[in-house]
Every structure is written in C-alpha cells, then in structure tokens.
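Hi,

Here is the structure I said I would pass on.

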Amino acid sequence: MFNDRLLTALGAWQNGWKEDQTHKEELARELEGAVESLPEQFRTVSGPCYRKRFIHKGELVDLILNDERDEGVASWTVEIAFAERFKGLVRPEAVSGAIFEHQPEITEVVVNIADLWASPEFVEAVDTYNRQGGIHSKALLNFKYLQGEVVLKSPLRGSEIIALTGASSPFDELCERAGIPEEKRDKVFSDLVKGDVYPGEAAYTTRQGAQNAIANTIRKMEQKLAAVGFPVTRK
C-alpha cells in the first residue's frame, strides 16, 4: 500500500518546485497517479482546510469578481495557525495576503498527508524508505505531519476568504480622524497594545472585515466596468 512510488511522489511534492509551474504540474500528475490505490480514509478530510495565498492585481477578476480561480492541485492545511504564519504577512508586489477556508468535497481531496502520518504502517514504510536511501526521503521526514498538509484540487474563491493582511494608518492619523486629543493618546495606545492591537503594523483582518473589503472591491470593479460599457451580471 505504501510503496516506493507513493513515497517518492509525496517526497517530490513536498520538496517543492521553486515557482516552476510546469514542474509543479508534472509533480501533481505523478502524485495523483501514485495515490489512486490508497484507501479512502487517506483521501478524505473531515473538517475545513485553509490556504494562505498572496493576491496580485491580475488575479482579481477571477478570484473576486468571478469567485473562482482554478489553480489545479495545491497544498492546503487543516491547521489555521500554520496558514497564518506561512510566508509572512506582506509581500511588496502583492495587493494583499489572504487566508481561504474551504470544506472540500471528497472528489477534491488528492491525499491527506496529515492522516498518513497517523498510520503506524506509513511511518514504518517511510523509515524503511529512508534507510534504503529513497529519493526525497529527507523532504518527507522534514515536514512529516507538522504542516497538517492536505493536497486538494479545488479552486480559490473570494467568498471563502476569511482574512486579509494589511496595515492600519499611523496611530496619530487615526487619532486625528477620531478626534482624540493628544493628552489622551498615550492611554489609548496603551489600551490597544494590552488588547494585542498595534496600529500601523501589518495584521489580519477579521472574517467580516475581509468580506467587507471584498464586497467593496467588487462594487468598485463593477462601477469601473460599467463606466466603459461592460456592465457585469453576477450569479
């Protein structure tokens, strides 16, 4: 069941593709073929999965306006805390970082790597594979179950974004807008810090804040398209 082809395909996938999309597609095809013989228990997931993804301007129409961007096979996680930490909060060329939450259908699950590591037989197979010098065994042992990884074949949807990254305005600017006098600002700042809020620093929005931002983006995009004669009819 846990043969060398499966372990090599898993290890190659976790070893990565260095932003080479053609190589990623090759790895994905081999992984899909290698997991076909696995029992269904390793190709299902019971709860929601999360993915951290930086969003760029050229992706906004599919992701936000059409609410569907097909990215083929991709790694997700069952651990929201891992998704939040993954690759930091900001990237200069990106519009924002986003966290997606998705409850996959059984047909969307390629393999549940986290559940594989819960199997003693799989752990034993990896150990044997490593001792025999299996290619990419180092990647397998490096990641193990620590990322809570689940490989899915499901699109990204703006409606499933539960957090966006961004920095608030500088503290004094916020105080000016709110009409807070200077003599009271030290206490306000102290209260914010006690509540784990740091004005001016990058942070995640709330779920509602993310969806409010998306709704506002959709409204602006539709207005601009209508202004040039391309009204949008959404489903």
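The protein has an accessible surface of about 13800 Å², and 51% of that belongs to carbon and sulfur atoms. Areas here come from the Shrake-Rupley method with a 1.4 Å probe, and for residues only the protein chains shown count as cover. Bear in mind that this is a predicted model: local features need pLDDT of at least 70 and side-chain atom pairs pLDDT 80 or more, while totals for chains, interfaces and linings use all residues. Residues are numbered from 1 along each chain as its sequence is written, and side-chain values use heavy atoms, with hydrogens and water left out.

On the overall fold, I count 10 helices and seven strands (DSSP runs numbered from the N terminus: helices are H or I with at least four residues, strands E with at least two). Of the 235 residues, 39% count as buried (buried is under 20% relative accessible area, exposed over 50%, partly exposed in between, with a 1.4 Å probe and protein chains only). Taking contacts (heavy atoms within 4.5 Å) between residues at least 6 apart in sequence, 84% join residues at least 24 apart.

Now the inside. Leaving out residues up to four places away in sequence, Val 111 touches Leu 10, Leu 31, Val 35, Leu 38, Phe 42, Leu 116, Val 150 and Val 151.

Next, the rings. There are five aromatic pairs (ring centres of Phe, Tyr and Trp, the last by its six-membered ring, within 6.5 Å; planes under 30 degrees apart are stacked, over 60 edge-to-face, the rest tilted). One of them is Phe 2 with Phe 42, edge-to-face at 5.8 Å centre to centre and 65° between the planes. Because Phe 2 lies in the segment before H1 and Phe 42 in the loop between H2 and strand E1 (49-55), the pair ties together parts that are 40 residues apart in sequence. Phe 2 is buried at 12% relative accessible area, and Phe 42 is buried at 4%. Trp 117 and Phe 122 are edge-to-face too, since their ring centres are 5.1 Å apart and their planes at 85°. Ring pairs link Phe 2, Phe 42, Trp 117 and Phe 122 into a cluster.

Which residues of H6 are buried? They are Phe 122, Ala 125, Val 126 and Tyr 129. Seen down the H6 axis, these fall within an arc of 100° (taken from the directions from the helix axis to the C-beta atoms), so they line one face of the helix. They pack against H1, H5 and helix H7 (137-143). On the other side of H6, Pro 120, Glu 124 and Arg 131 are exposed, with Glu 124 at 55% relative accessibility. Glu 124 and Phe 2 are 122 residues apart in sequence, but their C-alpha atoms are 9.5 Å apart in space. Just after H6, Gly 133 takes a positive phi of about 75°.

Cheers
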